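Me: I have a new structure open and would like to walk through a few spots in it. Can you help me read it?

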Amino acid sequence: MDILFSSLAAGILFGMALSLVALGLTIIFGVMDIINFAHGEFLMIGMYTGLLTAKAAGIDPLLTLPVAAAVGFLLGIACYLGFIKFLLRGPMIAQLLGTFGLMLFLRNLALLIFGPNDRAVHQGLLVGKSFDIGLGIIIPATKLAAAGLALAAFAAVWLLMNRTRTGKALTATALNPQGARYMGIPTERMNALAWGIGCASVTVAGALIVNFWSVNPYIGLLFTMLAFAIVALGGFGSVPGAFFAGIVVGLITELPGFWDFMTYTFEFDWMLDVPMISFKYMWVYVAYFVIMVVRPRGLFGWKH
Amino acid sequence: MPLLDVRNLTKDFGGLRANDAISFALDKDELLGVIGPNGAGKTTLFNCIAGLHPVTAGQIIFDGEDITRLPAYEVARRGLARTFQVYVASGDLCVLENVMVGAFMRTRERAQARRRAEDILERLNLRELAGAMLSELPVAAQKRVTMATALGTSPKMLLLDEVAAGLNPGEIEEVLAIIRSVHRDMGITVMLIEHVMELVMNISDRVIVLDYGRKIADGHPRQIADDPKVIKAYLGERYVREHSGEVT
Amino acid sequence: MEALKNAFDFSDFPRSDLIIAILVGAAFLIFPLFPHSAFAIATMIQFFIFSLYGMGWNTIGGYGGQVDLGKAQYVGIGAYTTAVMLIRWDIPFWFSMPVGVLFSVSWSFIIGYPLFRLKGHYFAIATIATSLVLKDLFEVWDFVGAARGLEISPIKYAPPDFLRLIFREDVYYYYVIFAFFLLGILYMNWFRKSRLGFQLRAIKDNESVAQSLGINVHWAKIKTYAIATAFVSVVGSFHACYIKNIEPEDTMSLNLSILIALMAMLGGAGSLWGPIIGAGVLIPLKSYLKEWLGASAGLVGIDLIIYAAIIMVISAAEPRGIWGLVEKIRRRRSR
């Protein structure tokens, strides 16, 4: 029973962090219809930022979030103005390959600067501490904090999008760029802003995740694919969709845990032989494929 | 038996009823014109017949076969072709190649497709332009290419969608002659949507009029021209009331 | 018969192009006879391999306009089929390669049917997803050596072995892949003038119009996808015999899929020479960058940074690729 609850808890918490990762992607896609292959690389940048700022300033990693957000915001806008803007003019294949090039560029730049080795957070208020919330579930304090802060960040972005003028302008641009232009909304600026906010979300997510996941230059791709799956599941362009889908995907990655639980409960020997751990992420891709075929709009999507 | 028999065709787009219980029939040797104010549902009617939109209700019977539920490519294969207002097969292909795309529907062999395409270009006075790209051509020629593309499929019936739009009187004459040739010499039944009245009234055996998705008139061009309902649809009720004495 | 004639008919290209092509072809033919480094001939072989990958991709991605980023899975199927059949049952290449194609094409039909209901970005990501799933499966499947992969040890066979395609010197591999390369060009020349080729170009431009011209769009895409798959699978089988050491990370990775698409886009997707030009530029570039810069102390990854920057510049500046640029210049000149 313990395993089931532990897996559930782990899945949900991880899922919340993932939601934040996917949030940036869905905003960017919603506003300008471009799939960013380099999305995971921004996560990686966020992770390094969090780590290094904490070390340099001697503060707890969780306090580095504003720095990460600022870095992400500026980097996102810079990327848009310096590169993405030009990609948007071309055909889709150029966009896909262009952001892929960006991914390679950022990844190898990180490799050059930071070296290939894993780095992790070793010091901090919450490192090493965990909560025992009964039912046999032990949650590392860092994960709990990360999930909580992710929730807060999510709420902040949601408020921004729905309750502020800028946010509504962004939504308008997403729904109908031409119409938005006629209304006097500066689409160029909206695009840049979308990139700024989108990248800021994911760098903040990175600064959160680095508290329980070590970073190296190569981890970007996995998170990019997970983010794609989440965005597709939740519906391209939908903010609440990203939230729920993130949790769902978080749970899917905990399938090995559920499988173990089922193995012990039902005691079929053959179940032990299935190497579920290796398939942890594969099921996410399978889920993506199934969803796309069965319900392309995703759970909440409005954009097709 | 009519070649095309449309019965109570209805098409809804969400809450909007674009076509409302439209019925008409077309014999093989007839040339039918479809007119009506903008937004009356003419192009939607074409799209439904051609299989591009699924119909909400009604039946379409072509050459004795119920084609209501067939996808567009199946409808085309049964001999019902249509032109599009702006598009041809591909902007990357030259004129000849565009017509070949349609010709390939009937044959697998490139040489045969090419011959068929050249044939059609000849008929439509496009032979010299065979190697040209669409973007280089004047509007009149482009319109002829859209017709040629559809004719490439060797259809029994051709739906023409505003092929005279934007042409000057001389060019309209030319289009008229081509349509007549297609209808009489090639034996292809023609149904056309038009706003250019001289063309429609001159060439059609029969005309149907659509307004707000409904068919409001069906008959010989001269009858239609005098029909008060048609006049009202185009000019508005107020105008008719104010000029009621002048309508003859 | 007519098909063969069409394959050899290059008459719609300008004379100058054909002369250049023949000269380059002749150069390829006699290249190994001149003194060359092992590195150079290996690079040439890679060039032919990737030209063929690119040509295959070009059918569905270039002419068809459907961006497929999951071709690597078929490289894997082709490579593994050949490797497994050779290692376990001593079946020669010329038999295992068609079997590999059979498996690949079958798989492509199975996933193609649902796959092509998707459009644009969704399609692209789905292709990535399927490729990754297959790669993950291969990484845990013991029958194919799981993550360690398979190794063909040449000692067991007596090179030069033309049946099993095991050679000691690269020269043999060079001419075999060169022959495939020529066949590939002839096939593509036929393809772009064939019924399916025309249908694809109409589909790429406007699917509704294509439908109205009697084209079953869904089926045409699936057929083309199968053709692209076959190309890639054949070369995958060759790859197994050449490299003799295959593992999922190498043979079925996302990087490979993207590289294939990149070749074609860089050179000019949707044209005959495009993928070849793309491979001709990118492969030597990648190889030599790695040689000169990659190994330099402390500067790990600089070759890839430059490589990535080039991709970014091309994508942003000239998405129609090198051939697109050539055609643009030509059109301006003829005004």
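Reply: Gladly, and please keep in mind that this is a predicted model.

Me: Where in chain B is B:Tyr212 found?
Reply: B:Tyr212 sits in the loop that lies between strand E9 (206-211) and strand E10 (214-219) of chain B.

Me: And what is phi of B:Tyr212 near?
Reply: Phi of B:Tyr212 is near 50°, which is a positive value in a residue other than glycine.

Me: Switching to chain C, what about phi of C:Lys244?
Reply: C:Lys244 is a residue other than glycine with a positive phi, here near 65°. C:Lys244 is placed in the loop between helix H10 (217-243) and strand E2 (245-246) of chain C, and with 15 other C-beta atoms within 10 Å it is partly exposed.

Me: Back to chain B, in what order do the four strands of the open sheet come?
Reply: The order in chain B is E2-E1-E4-E5, and the pairing is antiparallel. Strand E2 (16-26) and strand E5 (65-66) of chain B each have a single partner strand, so they stand at the edges with one side left without a neighbour in the sheet.

Me: How many bridges join E4 to E5 in chain B?
Reply: Two bridges join strand E4 (residues 57-62) of chain B to E5(B), and B:Phe62 has B:Glu65 in E5(B) as its bridge partner.

Me: Which strands does helix H1 of chain B lie across?
Reply: Helix H1 (residues 42-50) of chain B lies across strand E1 (4-13), E2 and E4 of chain B, and runs at about 65° to E2(B).

Notes: Residues are numbered from 1 along each chain as its sequence is written. Chains are lettered from A and ligands numbered from 1 in the order in which they are written. This is a predicted model: local features need pLDDT of at least 70, side-chain atom pairs count only at pLDDT 80 or more; totals for chains, interfaces and linings use all residues. Two strands pair if DSSP finds at least two bridges between them. Two residues are in contact if their C-beta atoms, placed from the backbone, lie within 7 Å. Axes are lines fitted to C-alpha atoms, for helices over the stretch in contact, and angles run from 0 to 180 degrees between N-to-C directions. A residue is buried if 20 or more other C-beta atoms lie within 10 Å of its own, exposed if 12 or fewer, and partly exposed in between; C-beta atoms are placed from the backbone.
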